[in-house]
Every structure is written in C-alpha cells, then in structure tokens.
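Subject: Structure handover

Hello,

Here is the structure I promised to pass on. Please open it first, then read my notes below.

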Amino acid sequence: MALGVARIAAPRFRLEARSALILATVGLLSFVIVYPILILIINSFVITRPWEPPQYGLNAWRFALLDQSMLAAMWNTVQLAAVHQAISLPIAILIAWLIGRTNLPFARGVEFFFWLTFFMPAIPTVQAWILLLDPNYGIINRLLAGLPFFESGPFNIFSFWGMVWMHLVTSTVAIKVMLFAPAFRNLDATTEEASTVSGASVLQTLRRVTVPLLTPTLVTVMVLALVRAFQAVEIELVLGLPINFFVFGSKIYDLTRLAPPDYGAATAMGTYVMLLMVPLIVLHRHLTSRRSFTTVTSAFKPQPVNLGAWRWPAFAFISLTGVTMTVVPVVFLLMGSFMKIYGVFDVPSGVWTTEHWRAVLGDRSFTGLVQNTLYLALGGATLTAVLYTVVAYVLVRWRFTLRSPMDALTWVPAALPGILIALAWFWIFLRTPVLAPLTGSIWALILVSGLSGMTLAVQLMKSSIMQLGTELEESAIVAGGNWITTMRTIVVPLLAPTMVVLWVINFVGAAGNAIMPALLASPASKPLALRQLEYVLAGDLERSSIVGIMVLLLNVGVAVMARTLGFRVGLSRML
Amino acid sequence: MASSMVHVEHVTKTYPGGTQAVRDLSLEIPEGEIFTLVGPSGCGKTTTLRLIAGLEEPDAGVISFRDRRIVDIAQRIFVRANVRNVGMVFQSYAIWPHMTVEENVGYPLKLRGVSRGRIREQVAATLQLVGMAGMEKRPAPLLSGGQQQRVALARALVYEPDLLLLDEPFSNLDAKLRDQMRVEVKLLQHRLGITVVFVTHDQVEALSLSDHIAVMNLGELQQVGKPELLYQHPANPFVRDFLGKTILLRGLVSARGADGQVAVGVRGADDCVLFARGYDIRGFTPGQEVNVAIRPEDVELVAGEGIGTPTSAIGGTVEARLFMGERTEYRVAVPDQEPLLVYGRREQMVDEGGQVWLRPHGQNIAVWPA
C-alpha cells in the first residue's frame, strides 16, 4: 500500500485545458450569435447596395415599418399562426391524451406516425398535397366535382385555408403530440382517479383535472409553437407566392430575390421581427428552466383511462390522421413523379411515364446535388453534434464569470427565423474579408446549417449531462483517471446516445432546408432541397417531385434507421 | 490510540455564493479504524470527505496522509484526486451504466496499467470479498441497489487504497439490506485493516459502525470521540440531541455536591430530586433553572394504579401507547413538563389514560443550563 503521491503544484494542465475550452465556448457563441445580430442591425441602416461602399440612413426601416405590403405580410403572419395554432392545439391535446393516458389500441404504434411527420421536410409534402387539392386538377377536387352537388372542386390549396391545412398536416400538430404525449404518460394517475371517484366522467376529468395540471406544459409548448410559426416560410412560399400572399418569412425571401434585390428592407424587417421574438423566448426560457428539475418521473405505473366503446373509433381517428400526415404525401408525391404532366390525368398519349426520372437521374448536375446534400447533412450534423456537446458540457459543469450570459445566448437562435440567420450570414460572408474565401462554398453551408437548431441541441444535451450526475465522473477521477481519460472513457460513451440524437436532428434539418442555401449557396454548392424549391417556384413540378422524394426518403430513412438502432430521437426534454 | 492516517488542520472551505461549508476544521483520523463524520444535512460532513478525496480544494488549511502533505494551501500544494490513491463509494454508487461489473471494478486497475490477466484475477478476488463472485459479466443497469453498492465497494477496494471513503453508502438501501450491509462493511474493515472514513446523517449507523465519531454542525466540529463517550458524555446539547433520544425535564438546582453532582428538584414532581452530573457543573448555583437530560432507557416506567407514591419518581398520565414489538413506547403527560417519551417493558402494558410513575435510575443523568 504505497502512497503513490508526490508533491506537485496545483493541477496546472487541467486548469489550462478548462480555460481553453471555456474561452473557445465564449468565442464560438459570441461569433455565431452576437456577431450576426450586430451585422443585421448595422446593415439594416445601410441604404446602398451590398457591393457598393456603405452609406447609412433610415430608408430601409421606413420601408419595413410603413410600406403597405410589409404591414400586410406581418398581419398575415399573425393571422395564419393564430388560426393554425388555435385549430392544432385541441386536436394535439386530444391525440396526445389518447396516446398517453388511455387504453387506445397500439398507442405506441400510432405515435410513430407523428414522430415520423416531424422528420418530413415541408416542401415535398406541400407538393404532394398540390396533387390532391389543386383547384383545377387536384384529385380530391375532381372526385368531388363528379358528385351531383358540386359544380366544381370545392378546395383550393393556393389559399389562406390551404396554408392552414398544410401547417396542420406537416409539423404543427405532430410536434405538439410528440411533446404532450410523454407529459400525459408521466402524469400522476391518482389525481385523475380522485376525480373519477368524486363522480366526474372521463371528459370532465380531462377538462377539469388533467388539462389544468398540464397547463405549465401546455403554455410552454404554445410559446414554442408561436416562435416556430413565426419561422415558417416554406409552405407560404410555395402556396402564397402564386397568389401574392406573403408572410414575414416569405417576404424576406422575396425581397432578396427581386431584381434588384432589396437587402436593406429585408434586413430591417428581420431585425424588428427578431426584437418582437425576444419576449417570447425569454418567457419560454423562464418556463422551461423553472421546470427542468421537476420532470423526474416516479416509479408508479399509471392506470390508463378505459375508453370503452370509443376505443376503436378513437384508434381509427388517430390512424387516419397519422396516415394523412405520413403515407399520403409519400404515395402521391411518388405517383406524381411518374406522371407526364404533374397532376394531369387527361393526357391523350397516356398519363404515366418514367421520362422525368430518366431526365433527372441522367442530368450531369444531379450527382453534384446529391453530393452537396450529403456533405452538407453529414458535415453539419457531425460538426454541430460535437460542438454543442462541448458547449453544453462547459455550460453545465463549469462555473465561470460569463456562464450565465453564455447560457442565455444559446436561447437566442430559437428566436431567429432560419431565413434571418441566413441573411445575417450572407452579410457576414460579404463583409468579413477573412471569411470571403468561404462565400458560396459547401463549408459556408455546413457552418450555418446547425445554427437554427442550436437551442434545441444545447438544451437536449444539457439535460442529458445534468442527468449524468457528477459522481460518475468523480468516481473515475478518484479511481485514478485524469481529466482526459475520464472524458474519453466515461463522459463521451455515456453522452453518445444523445449525440446521435442531435446528429439525426441536425442531419434532417440540414438536408431538408431549402431556405438557408437559397441565400448562401452558389451553383457549385447547391443541395437537393434548394433545387427542389427552385423547380417548384419555376413550376417544374415533375422534376421537383422527384428531387422532393429523394430528400423525403433520405430524411425519413436516417430517422428510422436511428430509431431502429435504439436511439430515442425525441423532443420531450425540450420542456 | 493508533497513529494517524489522515490529519486535517485548520481547513476552511467556502463555496462560490458564500456558503461556508467547513470552518477551521481540524481532525485526526486514526489508522485502521472506522472514523465517522456525522451530522444533519448541510453540516459540512460530505464536503470534508470530498476535501480528503481531493474533489474539492479548500480555501485554507493543510491535509496530510500519514506524514505526507496532500494539501497545503499556504505552500500551494494540491495533490490531485486521481493520484491520492484513495477509494471512494459515492452516495449514488456512481456505477458506470455503460460497463459490465467486471469493467467497472477493473477500471482503476486498467488506469494503473495492470495487465489484463492480473485485472481479471484481482477483480474476481475483490468480487468474492464483497459477495458478488461470478457476477463479472453482468451489465451495470441490471444490478439491484444492494448489488450496485457491492460493486461500488469492490471498485473502491480493488486497487488496495490507503484510505476508503464512504459517502452515505447505505442511505439508498431498504432497512433490512442496510442492517446487513453495515455488518458486512464492519467485518470487511476488520479483515482488511483499512482506514475508513464514513459519512452519514444517521446516528444509529454512526454509533453502531464507528471506532470514532466526529459530530459536525454548520461546518464546525462539535465533538470527537468513541461512540460510548459521545452517547454518555455529550459535550453540548447539539451532540446530546443528535445522538440518540433524550428525555428533558425542567427543574431547579437545590444543591451542589462536593462529589461533582448537582441535586435538581424536578418541576411538577415535588419530592423528586435527581442527582445529576454536568459536563461542567461549576456554573450551577442553587435556585437556578436547569434542564435534566436522561436517556429513555434509563427511566423505569411503573404502573401507578393502586400503589403509593414511590420515592424519587415523577407521576404522569399515559396519553398514547405505541407498541413497537421489542418494547412499548409511551407518551406520558407530566405536570409542568413537555410530554415525555418513555420505554416500557414488553410484558407490562399500561392502558392509555392510565396513571404511571417514571423512575430515573443509573449514573447517566446530566444537568444542562436551561
């Protein structure tokens, strides 16, 4: 039992490694969050074109705040968000309750539909629904027009309500179900049983006990949903542009696509929306951080509510909803890609063809698109999974002066619509000489791709690290491990599952994102998603459907693969 | 007393935020003994253990293992936790969930560059020692609480550390398992002769397991000594009330004897005079209000119906009877006193509402300032 210790000075190396990592974290967060915001604010006052020497003025702000079309876009954003949120909330609560708290048949199975929806990019889904709901040739419209009481098809997807519908069948309901279902599942069943014993019916208990108990969760999800609603742009772009209906996000996109582009107005508009979002994010952070330690579930097993005769009707309702969100878009997009003219069934020479597939696959630029998409998704996912793990670790485990402002900074990207982040980086690449070589390159896209997902990623990782318990690391140190050994043998292996989850979420986000590359990619670095958006906006729905299917299958494939390997890619820890 | 394994001298630790966890603490931990740090939560006992382990750096003070300085803040000496060669069992056990039992226990040996064959032998031997023989391949998440604890113990012992630190190791076990593990740890310590520093908030655990106990409160050391000494001669009311149950009677000093005893008349029982010792009786003067402390087992309960007034007894009425199995506890109302909790013999049952006499006996009656 020799005492294997020597006189040594304070643990110099450990302190240096720690300081270096803290410094790197502070530097990284300042660079990717504070700098772009400053750039946005500064450039919102620039009245000259980007390539001209800058002159400053209030023109852009005047336009952004007073112009009729800008005001209309803001009003549309609020209106659209209010309507689809108001519709989706009760539906999502009902579905989540059925999945989480009742004896619904195959509850875990039907939950999978909503999980899957989360990983499906919006634009391909919208295009599939165009096939069904186009006012002239939409399949549903044509079927209904055949019935005696309809003169023509009643639905028009290129409308306000068309956009509401698309929000409901893409992520708006699905994400809420994903967030609510675990909350319902973990609810203390005795509170409901007490209500039942007191004489309340199932629905009375749901209304008077269950929902009030979950109010904190509901409020948090609502705030998150409103933030997301402000960030929405793809659906509005595809369905709104043809009818001159703009929301804030699509307006910014449009301003940057004009000839000549009006970057000043876009930037000014983005800046004030960013400021509007701040209170929402502060509220969201307040709600979530207050609850972060109380979500530990107890060991008891809640008794599910017996639906009785409603079991199978409820199952039918949820399955139908789930199929509408997942199977329908895939099937009809695939079908459309084999049509001579997308959606048109009365073509004299025959409806079906493989010529578009042959054209797309034979196109020499196609390989480049696939390559770019894979580089972007793989690179972005890997970079962000590693970086955000380090950031989260530093924020959770180490105390340093700037810790709390840095922690607050990681919430800022949640307030920044993706198009705004892209716009800010457009300016950065333009105005920062050191970064100029990256402009338009795949590296630029990789760097920016993970930024809008930062809040979610850092929060997920932080909660993982908190659950890890410092004792697991301390016991390794007492056992004789130094800091690096402990990291390598204990921390990284234990965080690996969460890192995979971050990786999948960022992979899907990067591969499906068309908006960010629209502002930052060059023809050489263009990914599939952007090419699809270009095809859609140009009206080439045949090629667009093919590219869309590829993006869709790539994302769903990666998510399902991760799930099959046993990684629980979920968002519930966001609450 | 054996020579000291650990010296702690004037150690102070303040956490960021201003909480002073340990204040000017000095301790001598004898070699080859079980030394227990006990106190209520927040008393600084776990911080002290972590300072010894090297998981915290003190603001001031010196810590030595035998005659080697491990920490000397004034000299800027701080030996890192990973080279102190101590074993530690954490409250949560901290079993790494991504490893098997064998990998958990073998980890410290692997870090020390021990060959694979040696590791396997030593892990097997240590698992044998803690009663987990043959469980090498079991994945950590499949272990029960008791098994996790045995693995944690094996992991802390496998590299033959000079010192074993136990941070509330039994608090997550159910009552039966806890009793069993206490005995096993005591036997294991006897067999290995290793020095153990043990942290607990449970006074029964502290009294039953330790060779020496240090009672702490609010970051300060209250008293150090053998369990019997602390129980029978507590240095202050905190130690008295923390270790074991106490019956407190209010009374007046009637005389101070030359034999170091104080005669105290008990309030509400006119002819009951108790002869009590004090930790320091010089301060007591006749007529002074005082408290008399008696351990419940030093009070005899006599059913009062139909007998005359016994000498030096306190009369009362049974408010509640709690049958505990091996004995019965009575809550007795006594005039001019707080209700008292007294033990009765199993074969003698007094009904609630019945009259009883309480007769203190033995040498362990202590007087304290009111």
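**Chain A as a whole**

Chain A has 575 residues, and 56% of them count as buried. Keep in mind that this is a predicted model. The secondary structure of chain A is 26 helices and zero strands.

Now the overall form. The C-alpha atoms of chain A fill a box of roughly 95 × 75 × 50 Å along the principal axes. A compact globule of 575 residues would have a radius of gyration near 25 Å, and chain A agrees, because its own value is 25 Å.

Next, the contacts. Take those in chain A between residues at least 6 apart in sequence: 78% of them join residues at least 24 apart. The accessible surface of chain A is about 24,400 Å². Carbon and sulfur atoms account for 68% of that surface.

**A helix pair in chain A**

Find helix α23 (residues 483-512) and helix α26 (residues 541-564) of chain A. Their axes come within 10 Å. They cross at roughly 180°. How do α23(A) and α26(A) run, roughly parallel or roughly antiparallel to each other? An angle over 145 degrees counts as roughly antiparallel, and the crossing is at roughly 180°. The two helices are therefore roughly antiparallel.

Which residues make the contact? From α23(A) come Trp503(A), Val504(A), Phe507(A), Val508(A), Ala511(A) and Gly512(A). From α26(A) come Val551(A), Leu554(A), Asn555(A), Val558(A), Ala559(A) and Ala562(A). Ten of these residues are nonpolar, two are polar and none is charged.

Look at the numbering as you go. An α-helix has 3.6 residues a turn, so residues three or four places apart point the same way.

**Buried spots in chain A**

Start with helix α12 (residues 248-257) of chain A. This helix is mostly covered, with nine of its ten residues buried. The buried ones are Phe248(A), Gly249(A), Ser250(A), Lys251(A), Ile252(A), Tyr253(A), Asp254(A), Leu255(A) and Thr256(A).

Then go to Glu542(A), back in helix α26 of chain A. Is Glu542(A) buried or exposed? Buried means under 20% relative accessible area. Glu542(A) has 14%, so it is buried. Its contacts, leaving out residues up to four places away in sequence, are Met339(A), Lys340(A), Ile341(A), Tyr342(A) and His356(A). Lys340(A) is 202 residues from Glu542(A) in sequence. In space, their C-alpha atoms are 7.7 Å apart.

Pro50(A) sits in a loop of chain A, between α1 (12-43) and α2 (59-66). Its relative accessible area is 8%, so Pro50(A) is buried. How far is Pro50(A) from Gly264(A), C-alpha to C-alpha? The separation is 8.8 Å, although the two are 214 residues apart along the chain.

**Chain B as a whole**

Chain B has eight helices and 21 strands. Of its 370 residues, 52% are buried. The C-alpha atoms of chain B fill a box of roughly 80 × 50 × 40 Å along the principal axes.

Among contacts in chain B with a separation of 6 or more, 66% are between residues 24 or more positions apart. Chain B exposes about 16,200 Å². Carbon and sulfur atoms supply 50% of that area.

Asn104(B) is in helix α2 (residues 101-111) of chain B. With a relative accessible area of 0%, Asn104(B) is buried. What is Asn104(B) in contact with, beyond its neighbours within four places in sequence? The list is Ile95(B), Trp96(B), Met99(B), Ala140(B), Val151(B) and Arg155(B).

Asp24(B) lies in strand β2 (residues 20-30) of chain B. It has a positive phi of about 45°, although it is not a glycine. Its relative accessibility is 48%, so Asp24(B) counts as partly exposed.

Leu218(B) also has a positive phi, of about 50°, and is not a glycine. Look for Leu218(B) in the loop between β10 (212-217) and β11 (220-225) of chain B. Exposed means over 50%. Leu218(B) has 55% relative accessibility, so it counts as exposed.

Best wishes

Note on methods. Residues numbered from 1 in each chain as written. Chains lettered and ligands numbered in written order. Predicted model: local features only at pLDDT ≥ 70, side-chain atom pairs only at ≥ 80, totals over all residues. Heavy atoms only, no water. Axes fitted to C-alpha atoms, helices over the stretch in contact; angles between N-to-C directions. Helix = DSSP H or I, 4+ residues; strand = E, 2+ residues; numbered from the N terminus. Parallel < 35°, antiparallel > 145°, perpendicular 65-115°, else oblique. Contact = heavy atoms within 4.5 Å. Nonpolar A, V, L, I, M, F, W, Y, C, P; charged D, E, K, R; others polar. Rg over C-alpha atoms; globule rule 2.2 N^0.38 Å. Buried < 20%, exposed > 50% of the residue type's maximum accessible area, 1.4 Å probe, protein only. Areas by Shrake-Rupley, 256 points an atom, 1.4 Å probe, with all protein chains shown as cover.
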